[in-house]
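Dear colleague,

I am handing over the structure below, and after it you will find what was found there. Please read the notes with the structure open beside them.

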Amino acid sequence: MVDQATLNELVKIVGRENVLTSKVSLNTYMYDASLVYGQPEVIVYVQNAQQISAILKLAGSKKIPVTPRGGGTCLSGGAVPQRGGIVIVMTRMNRILEIDPENRIAVVEPGVTNMELQKAVAPYGLVYMPDPASQKVSTMGGNLGENSGGMRGIKYGLTKDHIIGMELVLSNGEIVQIGGKLEPIAQELNLNALIIGSEGNLGIATKIICKLTPAPRANRTVLASYKTLEDAGTTVSAIIAHGIIPCTLELMDNKIINAVEDWLHIGLPVDAGAILLIEVDGWDAGLDRQAQQIMQICRENGATDVKLAQNARERDNLWLARRSAIGAIGRLAPNYDMEDATVPRTKLPEILKEVNRLSQEYNLAIGMLAHAGDGNLHPLVLFDERNKEQMERVEKVRAALFRKALDLGGTLSGEHGIGLAKLEFMRWAFNPEELQFLRRERLAFDPGEILNAGKTVPDTDTAA
Amino acid sequence: MRQEIIHKLEQILGSGNCQVDQDIRRRHSLSKTAMPDAVVYPENSQQVAAVLKLAGEEGIPVVPWGAGTMARRGLLPLAGGLIINLTRMNKVVEYDYENMTAYVEAGISLGELQKILRTHNLYWPVEPVEPDTCTVGGCIAAGASGPSKLGYGDVKFHILGLEVVLPTGEIIHTGGKTVKNVQDYDNTRFLAGSWGSLGIITRAMLKLRPVPEKETTVFLPFKQLAEAIAAARAIRNETLPVALELLDGAAMAVLNRAGWKPAAEGSGVLVVYNGFREQVDSQVDYVKKHYPAATVMEEEAAAAAWQARRQLFPVFAGESGAVMASAAVPFTAMEEFLTRARDELDRSGKEAALASHFGNCHVHILLGEAPEAYDGVQETINRLATLAGDLGGLLVVDNIDDLALTRRWVEARGKAIMELLSRIKAAFDPRGIMAPNSKVLAYVIDNSRAAS
Ligand SMILES: Cc1cc2nc3c(=O)[nH]c(=O)nc-3n(C[C@H](O)[C@H](O)[C@H](O)COP(=O)(O)OP(=O)(O)OC[C@H]3O[C@@H](n4cnc5c(N)ncnc54)[C@H](O)[C@@H]3O)c2cc1C
């Protein structure tokens with residue numbers, strides 16, 4: 001419990017103006033972008049690693065739960081303080097410390113948003129490749145915590161492919177340097193691997209070393225329309241089978257198309273059952289042939305209409321449509337639940353069919369978005385939280401979807417994490433020994449179990 | 001080792017799969033004096049688990065072993081204990097060419113694997129020094145890579161999941177079959193490069209790539225090292241090579257001895273482009289335009305050059321052996337490091353060659369002195385280590401048993417690091433039986449190792 005003495009200590013560490021305990025503040029930090037919530041006892045804004053170190057030492061000595069929080073856009077409850085305690089808000093650690101263009105490296109504080117980094121490196125002709133749809137508000141620390149993906153994942157990978165080092169505060173308050181700017185040649189374990197995607201369980205990153213990539217010189221963007229989702233799904237595998245790895249391969253179903261078109265009026269094909277947004281990029285030479293091949297493959301797999309974006313404006317519109325999809329769907333119902341079950345690419349048609357079936361069986365509207373090239377679904381289940389009976393159906397659909405994804409050789413989460421929201425399903429994905437092992441691993445980093453504890457890995461007793 | 005234990009092992013594995021023969025043990029040892037007590041050849045993961053349970057109960061050290069081609073780099077000599085040779089676990093469990101994955105047993109050789117993958121025009125982009133014999137499990141455990149790590153990254157970028165037998169005898173699965181997967185902590189990548197210190201990889205889900213439509217190697221000869229460095233720098237900055245190797249004059253002379261004889265003398269740069277035909281052609285055109293002396297090679301001609309490149313160390317080392325060190329420095333410091341390192345080596349009077357994965361900022365330094373006579377080159381190595389350090393980099397020696405440079409590097413990560421590493425080790429291996437001679441953790445579990 002956070003008592004007055006603890007509050008006094010916190011004030012000493014970060015200053016009075018950075019410790020919030022008002023009811024309004026505590027309510028504001030109950031949530032992230034998932035459906036779970038829990039009230040913290042105190043909110044602390046931090047400015048540097050030393051402050052975090054001192055807070056963790058304090059919390060450790062008093063067994064107070066600590067939840068690190070970036071932009072709070074997590075979709076699995078990672079930033080929700082379900083056990084109360086202290087929320088450490090990272091957003092004021094928002095300096096870009098270094099951009100080193102020829103070495104293609106940037107060093108940032110964790111509160112820098114993904115977009116701020118993108119904008120800062122663009123003038124050098126460089127890109128930080130991971131680009132989650134939440135990039136305007138999600139922070140680099142949160143991206144690291146969740147191993148976030150984005151639209152370019154299929155060709156350029158995920159956060160873990162682009163963060164090569166960090167400064168990390170361990171749960172006991174000790175500060176260590178992980179990885180670094182150099183090619184890893186020493187005989188040592190690669191701790192980056194464990195920490196990226198560890199959902200704030202294994203330490204709090206206070207500096208992040210990112211790999212930058214030269215901006216692709218050119219691109220071609222194709223929009224293909226289909227009667228059915230399955231046809232679009234089949235096309236995805238066919239493209240890859242031809243040895244083409246697009247940088248983007250996004251799928252939207254009819255509900256999403258219409259929601260976006262109603263909002264933006266950019267001329268999307270509102271009668272289509274599904275569309276694919278496909279982009280190839282890289283060296284200019286050869287891109288035209290790739291685009292032609294892709295268009296051919298789309299037609300062979302049932303596309304009713306295939307268009308190549310003719311200019312930057314047409315391309316920007318297509319991208320705007322994709323980036324606005326979640327916001328557009330949000331206008332259709334008081335709440336939505338966005339999952340990210342992921343299946344091997346060839347299983348896309350099957351799981352798309354299943355989602356359709358579930359939508360009918362449980363009488364729930366489900367819009368379908370997908371990072372299709374990665375087999376990464378984003379079904380958006382629409383509902384009204386106040387309707388208890390409907391909520392029960394939502395829960396049933398979620399469970400059925402996860403079951404199906406696992407049965408098809410897939411995973412509970414492609415990029416949003418387990419957090420609290422998917423904890424109960426971990427027992428479907430892992431056996432008791434595996435869960436016990438993951439717990440041992442967690443405890444190696446956080447023996448006192450204060451750091452975002454109770455998330456990601458279920459407790460052993462409930463697991464057995 | 002007690003006869004009783006041998007019996008138990010034979011019960012688990014069948015008598016032919018538990019060997020105590022001198023010759024076999026010697027072939028699985030890393031020094032003339034320190035040999036394992038027995039070598040076992042499990043045929044499935046359950047047998048591996050049973051062996052590890054027994055070893056745990058008896059407190060016997062166990063060391064996984066593939067083809068042994070890289071063992072010297074990651075393992076110290078160890079007297080006693082069990083070698084678990086995985087080469088009899090060599091099946092392809094599932095080749096899902098449509099999803100571009102292959103689930104294979106750890107002991108399959110890379111040569112065999114690539115042959116199977118080619119039937120559907122796919123490959124696994126990992127090219128260690130001995131690309132035919134080495135095993136997939138060994139490549140993963142050793143964090144292997146080849147020249148194409150510039151374009152595609154080392155082995156950890158090409159695995160999606162693992163089956164691992166923990167030293168407790170538990171069989172666990174990490175990751176899965178999809179590229180995106182954040183269910184568990186990423187133990188798949190964590191085990192890549194763990195050199196046997198944490199558990200035994202018994203199966204791996206490999207992420208495959210389509211064989212590119214076209215692949216071309218370009219060779220650029222230069223009289224002066226400085227010219228080669230400038231060219232390599234420009235090529236990395238202006239084009240997108242998949243591989244970019246720089247070889248100094250001494251290294252080029254070794255490639256000559258290895259059977260590849262480009263006409264010119266001096267330093268050389270080897271560049272690879274692959275992908276779509278038009279793209280490769282335009283990249284190659286760019287290089288030819290700026291470096292008219294460039295030779296363009298495809299198919300056999302290119303293969304011969306790379307085969308010689310892989311032979312660099314063995315040919316340089318010959319019968320008497322050689323010390324190999326690795327340096328990593330920032331890209332912008334490559335020019336200074338290579339130039340000054342070459343000067344330093346010339347002054348030392350030793351036979352020495354420099355070969356660099358230039359695009360990755362990784363320099364191999366080959367020194368004509370047997371690893372056993374490391375003392376003779378230690379002063380040179382120390383000077384080069386200081387040079388690398390001053391330029392913001394580091395240097396380690398790959399094939400000796402002295403881990404002092406590595407330990408110093410790791411300790412500088414923070415005073416809590418050793419304790420953290422010990423706790424991680426204990427989470428995997430509570431009884432401490434797993435490869436106590438793995439260099440990756442040897443300096444953590446036993447301080448004295450650092451100064452041996
Ligand atoms: C509209 C919308 C679109 C989205 N699109 C995508 C998408 O395309 N791809 C994708 O992958 N995700 C997406 N997300 C999910 C989410 O944006 C990402 O998970 C994002 O990385 C979270 O960043 P954040 O700063 O909001 O972190 P938070 O939500 O604040 O925290 C996320 C996790 O990281 C931990 N954490 C925060 N800071 C640190 C730190 N410094 N060190 C260690 N741990 C830390 C937290 O404890 C928590 O567990 C989307 C979310 C929304 C709402």
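**The ligand and its surroundings**

A backbone N or O atom of Gly142(A) lies 3.3 Å from an oxygen atom of the ligand, a polar contact in the sense of a pair of N or O atoms within 3.5 Å (within protein, one must be able to donate a hydrogen and the other to accept it, and residues adjacent in sequence count only if both atoms are side-chain atoms). This is a predicted model, in which local features need pLDDT of at least 70 and side-chain atom pairs count only at pLDDT 80 or more, while totals for chains, interfaces and linings use all residues. Residues are numbered from 1 along each chain as its sequence is written, chains are lettered from A and ligands numbered from 1 in the order in which they are written, and side-chain values use heavy atoms, with hydrogens and water left out.

The side chain of Thr73(A) places an N or O atom 2.6 Å from an oxygen atom of the ligand, and a polar backbone atom of Glu199(A) is 3.2 Å from a ligand oxygen atom. Taken alone, the ligand exposes 980 Å², of which the protein buries 95%; these accessible areas come from the Shrake-Rupley method with a 1.4 Å probe, and for residues only the protein chains shown count as cover.

The ligand is surrounded by 34 residues, the closest being Pro68(A), Gly70(A), Thr73(A), Ser134(A) and Thr139(A), where a residue is counted if one of its heavy atoms lies within 4 Å. Helix H5 of chain A gives the largest share of this shell, five residues, with helices (H or I, at least four residues) taken as DSSP runs numbered from the N terminus. The shell also draws at least three residues from each of domain 1 (4–89) and domain 2 (96–214) of chain A, the bounds coming from an automatic or database domain assignment.

**Domains and chains**

In chain A, 14 residues of domain 1 are in contact with 15 residues of domain 2, contact meaning heavy atoms within 4.5 Å. The centres of these two domains, taken over C-alpha atoms, are 23 Å apart.

Between chain A and chain B, the contact takes 80 residues from chain A and 78 residues from chain B. The two chains bury about 6900 Å² between them, 57% of it on carbon and sulfur atoms, buried area being the accessible area (1.4 Å probe) that two parts lose on being put together, summed over both.

With best wishes

Definitions and conventions
Helix = DSSP H or I, 4+ residues; strand = E, 2+ residues; numbered from the N terminus.
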